[in-house]
Amino acid sequence: MYILIGGGGKVGYHLAEELLRANHEVVIVERHRDRVSTITEELGECVIEGDCCEVSTLDAAGIGRADLAIAVTGDDEDNLVFCEIARVRGASRVISRVNNPKNELLFQQRGMETTISATKAILAQMEQELPTSEVIPLLQLHSGLEMVEVKLSDTSPAADRTVSQLWLPAESLILLVVDAEGLPRIPDGDTPLSGGDALVVVTRKESVERLKEALVGETHGLET
Amino acid sequence: MKVIIMGCGRVGARVAGILDEKGHTVVVMDVRPDAFRRLPPGFGGTRSVGNGMDGPALERAGIKDADAFVAVTQGDNRNYFASQMAKEVYRVPRVLCRTYDPIRGELFAELGLETFSPTTIGAKIVLDLLMRDGEEAAD
């Protein structure tokens with residue numbers, strides 16, 4: 001695949017390194033000369049010096065034949081414009097890093113379906129370590145599905161029931177049940193659930209709150 | 001008409017002043033409060049400190065009932081981002097986006113934005129003046 005990367009910062013550098021290792025054809029467009037020489041020294045001739053939001057620079061980099069254009073600068077406005085130019089000029093697919101999670105809305109409005117938010121990923125990882133959170137986002141899947149981990153307590157409405165006795169939102173599946181001892185099971189309808197279990201569930205993004213009500217019960221927010 | 005102007009530089013401040021004088025409701029946004037010094041004395045509009053790419057800041061500036069949004073910061077990409085926020089997220093009826101780079105400006109226009117390029121306009125004026133003087137000299 002021919003992959004064009006907008007921005008040669010830390011993310012761009014490591015991304016290029018991985019993609020080159022997987023034998024893809026990779027070009028980074030980076031504005032700062034010192035970054036260009038650092039990357040060239042370490043990864044070889046795979047960098048074009050220039051503004052990744054300048055149409056002529058991207059044309060020179062062959063944006064039209066790119067199978068994939070990835071925006072990874074630290075500025076969301078630059079990432080958006082890079083993706084817009086890439087699409088207009090014929091790149092088959094675009095992926096954008098979104099630095100401020102609030103900006104994801106506009107990327108979606110503009111039809112960029114694949115956005116990656118480091119801030120969100122870090123928050124999700126942190127949440128896994130917090131004892132208070134009951135529903136932890138694990139993974140965003142395509143077509144609006146999300147994988148979450150749900151921890152049951154003794155007072156959860158799902159505790160002391162079997163899987164078939166639960167009222168889950170549509171298109172929700174319990175993939176895995178890990179009991180308090182850390183023993184994993186793939187559940188069927190007769191699998192009993194109890195406090196201390198952790199469930200890995202796939203659900204629709206918009207159903208997460210209802211899933212939480214069904215498995216954890218009323219949300220108490222920060223008062224708990 | 002209620003107009004939000006993003007960027008209180010020379011152009012932003014001037015447009016704001018004139019609209020205010022004509023009796024329109026004007027809100028000027030800038031990330032730096034000292035930029036508002038460029039507004040004319042007696043400016044009756046609102047000064048709103050904030051980033052026009054930020055939803056909550058736009059809402060504070062009253063984007064939800066704005067009739068027009070004008071993006072005139074120094075950054076083409078910032079202007080594009082904020083203009084699309086105004087147009088696509090807040091459905092502002094009229095959105096104007098300044099784009100210094102004429103090629104990028106054309107592309108933004110293809111994507112549905114109303115853009116103008118001071119570069120193109122400035123170049124045209126210079127050429128017109130030069131040519132006119134040239135003609136006069138030739139007479």
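Of the 139 residues of chain B, 40% count as buried, a residue being buried if 20 or more other C-beta atoms, placed from the backbone, lie within 10 Å of its own, exposed if 12 or fewer do, and partly exposed in between. The model is predicted, and local features need pLDDT of at least 70, side-chain atom pairs count only at pLDDT 80 or more, and totals for chains, interfaces and linings use all residues. Residues are numbered from 1 along each chain as its sequence is written, while chains are lettered from A and ligands numbered from 1 in the order in which they are written.

Chain B contains five helices and six strands, where helices (H or I, at least four residues) and strands (E, at least two) are DSSP runs numbered from the N terminus. Their order along the sequence is β-α-β-β-α-β-α-β-α-β-α. The C-alpha trace of chain B spans about 60 × 40 × 25 Å along its principal axes. Among contacts in chain B (C-beta atoms, placed from the backbone, within 7 Å) between residues at least 6 apart in sequence, 45% join residues at least 24 apart.

Helix α5 of chain B, residues 118-138, includes L127(B). L127(B) counts as exposed because it has 10 C-beta neighbours inside 10 Å. Between the C-alpha atoms of L127(B) and A66(B), which lie 61 residues apart along the chain, the separation is 37 Å.

In chain A, strands β7 (residues 135-140) and β8 (residues 145-151) pair in the antiparallel sense over five bridges; pairing requires that DSSP find at least two bridges between two strands. I136(A) stands opposite E149(A) in β8(A). The hairpin of β7(A) and β8(A) has four residues between the strands, and S143(A) in this hairpin takes a positive phi near 55 degrees.

Note on methods: Two residues are in contact if their C-beta atoms, placed from the backbone, lie within 7 Å.
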